[in-house]
Amino acid sequence: MSRDILEAMTALAREKGISPEKLMAALEDALLSAYKKLPGAARYARVEVDSETGDFVVIRYRIPKDLEAELIGETIAEESYIDPETGDKVEPQDPEIDPAKFEQYRDRIEEIDDTPEDFGRIAAQTAKQVILQRIREAERDMMFEEFRDRVGELITGIVQQSDSRYTLVQLRDRVEALLPKGEQVDGERYDHGQRVKAVIKEVSPSTKGPSIIVSRRDGELIKKLFELEVPEIADGLVEIANVAREPGYRSKIAVVSHADGVDPVGACVGPRGSRVRMVVSELRGEKIDIIPYNDEPARFVAKALSPARVREVLVDDESKQATVIVPDDQLSLAIGREGQNARLAARLTGWRIDIKSETDFAQNATQSDDDYEGAAEEVGGRCQAISVRGRRCPNEALPGSPFCGLPKHQALSRFTTAAVAILEPLSDEEITDLSDPDKTWDDVVDIVTRAEELYGDQEAEVLADEEGEEGEFDEEEAPVEEGEAPAEDEGLEPAPEASEPDGEVDAADATEEAEEPAS
């Protein structure tokens, strides 16, 4: 064999990115296959190629009968298997001794030089096919090793073809991935030549090369797209803590900042919404809600139900269940179309969420067994806030505070009462200022004074209404004198019972609120 062949092999190895040792082993196997096709060739032999000169020799083995029988018996024992259908033991019909075993018994095996003078055209063709096959196998192995560690990575490919089963996406020259029907987004079309982004879901070896499965439905796709568009996420300053997604319709992501002064939501939205708009465009119009992550469950659940406004959140840490109270006009928005908003919020937070309107909650709520006592002295434990309906908040209080982390309840620390009703006349901005620990008393004294005055006037009106109701006398309800005919007998219709005016405070509730001890 000429030296030109060795140089060609070296150039081929460099071009394909295959190690020269693998190609040299492939050449030896190719020459051995060509040798075995010659008439009178030995069954057991090996080929050695000199990497310097290109010369090769074929060495045949002359094995003693007893040793051959022993090695064949070992081979049969190793290659036998049990048929799963019949349960019978199946032995190989033509067992081939592993050449590696010949090295163990070289002292008992005679080696003879059997190099043929000319392989011929058929032998050369056989050698060529074996070499090409080994090169393809080496390329498949290299491709599998490259992609096996890239699961979850974002890739961009070009659609080659699409049918009812899957879409074929070309990643690069001779590397293709499958986008199965189950990993496609409902309603999306994949036209020939179109560029698509997806994440690698699975990589497995196969006879035709690595099988690469990509996905457009996986929540990891949203993470990678934001990482591509938001430098703060790529640098680790902002992290996407969790993703809840209904592909093609809506997604919610929880983001957290690991650097002071970096707003995680603002970083993901970008200037004038440019960053999130790019992600939405790649997802073909899928809506995305960006939620700030919070370690406190009540606040996190309230934010996760965005864009609905939440009045109150009652959490049960043991069962990880949250009862969310929303204004009556926000109930349908909090639940979402076919429960989508509530479902995504539950997936994002990991809590079971029960959404109730204020009216329904007031009708079904029962008075808590724990009465509000000693609010001023109690710090920590259970939150001391008292709702408008007279129910004490079941949330855990923050360390060093008598109230939980809800802004309304934290705002009560500025007042001498724990009744949430005192905050009703205030705006959301004023409540935010009251709950901000960085605000001094001078910053909020005007808000506190005005709220206490309005609350005092409201209590006075309630008490006045109670006294007026007790002193009223309805002539129609006066007792009938003996012998006097009732109104019905005179042909008059009895007056219907007066219904309670809209917005009037129930006397019993008003009395309870008026008699609440000051905190």
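Buried, on this tour, means under 20% relative accessible area, exposed means over 50%, and partly exposed lies in between (1.4 Å probe, protein chains only). You're looking at a predicted model, where local features need pLDDT of at least 70, side-chain atom pairs count only at pLDDT 80 or more, and totals for chains, interfaces and linings use all residues. Residues are numbered from 1 along each chain as its sequence is written, and side-chain values use heavy atoms, with hydrogens and water left out.

**Stop one: a covered pair.** Select Asp289 and Arg250, both of them buried. They form a salt bridge, with the closest N and O atoms 2.9 Å apart; the term asks for a side-chain nitrogen of Lys or Arg within 4 Å of a carboxyl oxygen of Asp or Glu. Asp289 sits in strand E13 (residues 287-292) and Arg250 in strand E12 (residues 250-257), so the pair ties together parts 39 residues apart in sequence. Helices (H or I, at least four residues) and strands (E, at least two) are DSSP runs, numbered from the N terminus.

Pick Asp66 and Arg108, whose side chains meet at 3.7 Å, N to O. Asp66 belongs to helix H3 (residues 65-79) and Arg108 to the loop between helix H4 (99-102) and strand E5 (110-113), so this pair links parts 42 residues apart in sequence. Asp66 counts as exposed at 52% relative accessibility, while Arg108 is partly exposed at 37%. Then select Glu146, Arg150, Glu153 and Arg172, which are joined in a network of salt bridges.

**Stop three: two helices.** Show H10 (residues 297-304) and H12 (residues 340-349), which pack at about 145° with axes 9 Å apart. Axes here are lines fitted to C-alpha atoms over the stretch in contact, and angles run from 0 to 180 degrees between N-to-C directions. Phe300, Val301 and Ala304 of H10 meet Ala345, Leu348 and Thr349 of H12, where contact means heavy atoms within 4.5 Å.

**Stop four: a strand.** Now jump to E1 (residues 45-49), where four of the five residues are buried. Five bridges join E1 to E2 (residues 56-62), and the two run antiparallel; strands pair if DSSP finds at least two bridges between them. Click Ala45 and its bridge partner in E2, Arg60.

**Last stop: a loop.** Which residues does Glu396 touch, not counting those up to four places away in sequence? Asp317, Gly381, Cys383 and Cys404. Glu396 is in the loop between H13 (358-364) and H14 (407-411), and is partly exposed at 48%.
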